[in-house]
Amino acid sequence: MESDADPDKLRRRFLRAGMTVLARDGYSGFKQAAVCTEAGVTTGAFYHSFRNWKSFESALIAHWRLEATDLLVESARNVTDPHDRIDALMQIALNLPHDTERAIRSWAAVDSAVHAALTEVETARRDAIAEMGVELFGRELAERLAATSMLLLTGFENSANPSIDDFAWAMRTTTATALALLDERQASE
């Protein structure tokens with residue numbers, strides 16, 4: 001049973017608070033005091049959970065990758081119907097913590113370790129999308145669609161005026177176009 005004194009529970013509380021602060025305040029407002037305030041605990045509790053700010057940053061990036069990529073990719077892999085899997089991937093993309101990711105992208109511009117983690121996440125996402133699209137589209141088109149999907153996502157997250165509706169429309173339209181190409185190809189065979 002978890003107690004309030006459970007060190008893992010406190011660490012998770014700080015990690016959730018860090019994600020919230022990044023989403024709300026952006027990278028420029030990502031400070032220890034803001035994270036502690038969001039978590040509702042003191043800096044002493046912070047240092048009980050993390051050796052220093054840098055170790056917290058590393059843990060936060062690892063937490064983000066796990067929650068916003070690894071677990072989501074695994075859940076999509078469990079969808080057996082290939083059409084449903086593509087729909088699941090689109091829902092995942094639409095429901096990512098975009099404000100947090102926007103802040104992480106800003107952070108990656110000034111921190112080489114975060115940049116490396118962001119590159120790994122983007123590669124993992126692209127590879128997973130391609131892998132899960134092969135059954136429907138074949139290797140070449142699946143890889144193109146994966147690259148296009150990542151460009152749509154990063155464009156949306158880097159936009160000064162992001163519209164989730166426009167992002168959803170772009171994802172649906174790209175997928176529908178690819179499925180129409182597939183149908184044409186199959187009809188001509």
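This is a predicted model: local features need pLDDT of at least 70, side-chain atom pairs count only at pLDDT 80 or more; totals for chains, interfaces and linings use all residues.
Residues are numbered from 1 along each chain as its sequence is written, and side-chain values use heavy atoms, with hydrogens and water left out.

α4 covers residues 53-77 and α5 residues 82-94, and their axes come within 9 Å and cross at roughly 160 degrees. Axes here are lines fitted to C-alpha atoms, for helices over the stretch in contact, with angles from 0 to 180 degrees between N-to-C directions. That makes α4 roughly antiparallel to α5, a label for angles over 145 degrees. On the α4 side, L72, S75 and A76 meet R85, L89 and I92 of α5, with contact meaning heavy atoms within 4.5 Å. Sorted by type, the contact has four nonpolar residues, one polar and one charged. Nonpolar covers Ala, Val, Leu, Ile, Met, Phe, Trp, Tyr, Cys and Pro; charged covers Asp, Glu, Lys and Arg; the others, Gly among them, are polar.

α5 has another partner. Its axis and that of α7 come within 9 Å and cross at roughly 145 degrees, this time in a left-handed crossing. P82, H83, R85, I86 and L89 in α5 meet I129, M132, G133, E135, L136 and F137 in α7. That contact splits into seven nonpolar, two polar and two charged residues.

Now look inside. The structure holds two cavities of 30 Å³ or more; on a 1 Å grid over the protein atoms alone, a cavity is a set of points where a 1.4 Å probe fits but cannot get out, and lining residues have an atom within 4 Å of a point. The largest cavity holds about 370 Å³ of space. It is lined by 26 residues, with L89, M90, I129, S149 and M171 nearest its centre. α4, α5, α7 (112-137), α8 (139-158) and α9 (164-188) each give two or more residues to this lining, and α8 gives the most, with seven. The lining comes to 20 nonpolar, five polar and one charged residue.

Stepping back, the chain has nine helices and zero strands, helices being DSSP runs (H or I) of at least four residues and strands (E) of at least two.

Conventions:
Angles under 35 degrees count as roughly parallel, over 145 as roughly antiparallel, 65 to 115 as roughly perpendicular and the rest as oblique. On a 1 Å grid over the protein atoms alone, a cavity is a set of points where a 1.4 Å probe fits but cannot get out, and a pocket is an open set with protein on both sides within 12 Å along at least five of seven lines; lining residues have an atom within 4 Å of a point. Grid points are joined across faces, edges and corners, and a volume is the space filled by probe spheres set on the points. A crossing is left-handed if the near helix is turned anticlockwise from the far one by less than a right angle, and right-handed if clockwise.
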